[in-house]
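Good morning, and thank you for coming.

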Amino acid sequence: QVQFVESGGGLVQPGGSLRLSCEASASTLDYSTVGWFRQAPGKEREGVSCINNSDGSVYYIDSVKGRFTISRDGAKNTVFLQINSLKPEDTGVYYCAEDPRITTAQAMCLRGPSIESWGQGTQVTVSS
């Protein structure tokens, strides 16, 4: 099971930006689907943005479209999430996960990984 280390979170004002990083423990992401998930206080974890590394296709939930951008650096086994125009409702702990058995970015975001193995996540707090 690939392990991830998430980083880049912080406290920002509404309208601000952050760049989250998710570094994998192994170089197995080339043919896998990777997703960023967040868990807001009192809510269930949800997939917000996912990428299929085989064909580069991406998926975003409606509430983040136009503000979040997922990308990867294959040489560094790292997946990024650029978050712009942050809103208070973006507050939460952000996690990443991968699943080579899931073949579309949308399915990854909507269903989550087949085997849940979450890292410590990175906290994003949007507040004035």
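Strands E4 and E5 form a hairpin with six residues between them, and Gly42 in the turn has a positive phi of about 75°. Helices (H or I, at least four residues) and strands (E, at least two) are DSSP runs, numbered from the N terminus. Before I go on: this is a predicted model, in which local features need pLDDT of at least 70 and side-chain atom pairs count only at pLDDT 80 or more, while totals for chains, interfaces and linings use all residues. Residues are numbered from 1 along each chain as its sequence is written, and side-chain values use heavy atoms, with hydrogens and water left out.

Two strands are said to pair if DSSP finds at least two bridges between them. E4 and E5 pair in the antiparallel sense over six bridges, and Thr33 has Asn52 in E5 as its bridge partner. On to the next hairpin: E5 and E6 have five residues between them, and Gly56 in that turn has a positive phi of about 80°. Three bridges join these antiparallel strands, E5 and E6, with Ser49 opposite Tyr60 in E6. Strand E5, residues 46–52, is mostly covered, as six of its seven residues are buried. Here buried means under 20% relative accessible area, exposed over 50%, and partly exposed in between, with a 1.4 Å probe and protein chains only.

How many salt bridges are there? The count is five, where a salt bridge is a side-chain nitrogen of Lys or Arg within 4 Å of a carboxyl oxygen of Asp or Glu. One of them joins Arg38 and Asp90 at 3.0 Å, N to O. Arg38 lies in strand E4 and Asp90 in the loop between E8 and E9, so this pair ties together parts that are 52 residues apart in sequence. Arg38 is buried at 6% relative accessibility, and Asp90 is buried at 1%.

Asp90 also meets Arg67 in a salt bridge of 2.7 Å, N to O. Salt bridges that share partners join Arg38, Glu46, Arg67 and Asp90 into one network. Asp62, by contrast, is exposed at 64% relative accessibility, and its side chain forms a salt bridge with Lys65 at 3.1 Å, N to O.

Finally, Phe68. Leaving aside neighbours within four places in sequence, its contacts (heavy atoms within 4.5 Å) include Arg38, Tyr60 and Asp90.
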